Amino acid sequence: MTLSVKERRNKTGTVLVVTGEINSETSGSLLQSLLPLVREGRPLRIDLTAVTYVSSAGLRTLLVVYREAQHAGVAVTLHGVSEEVRFVMSATGFLDFFETGEAAAAARKPAVR
């Protein structure tokens with residue numbers, strides 16, 4: 001399985017759309033795509049809607065990105081995390097490191113009375 005990434009920039013930051021599997025074969029190229037974006041210092045949104053699998057190597061890649069972002073003071077948000085990927089990230093504790101788009105959207109909604 002291959003991995004493809006597409007980058008979009010807008011006024012509020014950068015969106016990286018990831019498609020495929022993040023595994024030991026593809027995580028290195030993903031990291032090479034993500035780290036320069038983190039170092040730019042703009043908010044980064046990683047769209048995982050089309051990611052079907054994340055291995056331990058993929059989790060390590062996301063952890064490295066998280067640490068770099070923390071060091072640089074850059075907000076990194078994950079969007080479109082599938083239930084399967086969310087389960088793996090939640091079970092390993094990696095989901096706690098990231099804000100997800102769904103959580104951010106829920107936080108912005110006003111309380112219903």
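Predicted model: local features only at pLDDT ≥ 70, side-chain atom pairs only at ≥ 80, totals over all residues.

Is Glu-68 buried, partly exposed or exposed? Glu-68 is partly exposed, with a relative accessible area of 26%; buried means under 20% relative accessible area, exposed over 50%, and partly exposed in between, with a 1.4 Å probe and protein chains only.

Residues are numbered from 1 along each chain as its sequence is written, and side-chain values use heavy atoms, with hydrogens and water left out.

**First selection: Glu-68 and Arg-39**

Glu-68 and Arg-39 form a salt bridge, with 3.6 Å between the closest N and O atoms; the term denotes a side-chain nitrogen of Lys or Arg within 4 Å of a carboxyl oxygen of Asp or Glu. The pair links distant parts of the chain, 29 residues apart: Glu-68 belongs to helix H2 (residues 56–72) and Arg-39 to helix H1. Helices (H or I, at least four residues) and strands (E, at least two) are DSSP runs numbered from the N terminus. Arg-39 counts as exposed, at 55% relative accessibility. Across the whole structure, a search finds three salt bridges.

Between the side chains of Glu-7 and Arg-9, the N to O distance is 2.7 Å. Arg-9 also forms a salt bridge with Glu-40, where the closest N and O atoms are 2.8 Å apart. Arg-9 lies in strand E1 (residues 3–10) and Glu-40 in the loop between helix H1 (27–39) and strand E3 (44–54), so this pair ties together parts that are 31 residues apart in sequence. Glu-7 is partly exposed at 42%, as are Arg-9 at 43% and Glu-40 at 40%.

Which side chain of opposite charge is nearest to Asp-47? It is that of Arg-45, 4.6 Å away, and Asp-47 is buried yet has no salt bridge; Lys and Arg count as positive and Asp and Glu as negative, while His and the chain ends are not counted.

Next, show Thr-49. A polar contact of 2.6 Å joins its side chain to that of Asp-47. Such a contact is a pair of N or O atoms within 3.5 Å; within protein, one must be able to donate a hydrogen and the other to accept it, and residues adjacent in sequence count only if both atoms are side-chain atoms.

Finally, display Leu-16, Val-17, Val-18 and His-79, which Asp-47 touches (heavy atoms within 4.5 Å), not counting residues up to four places away in sequence.
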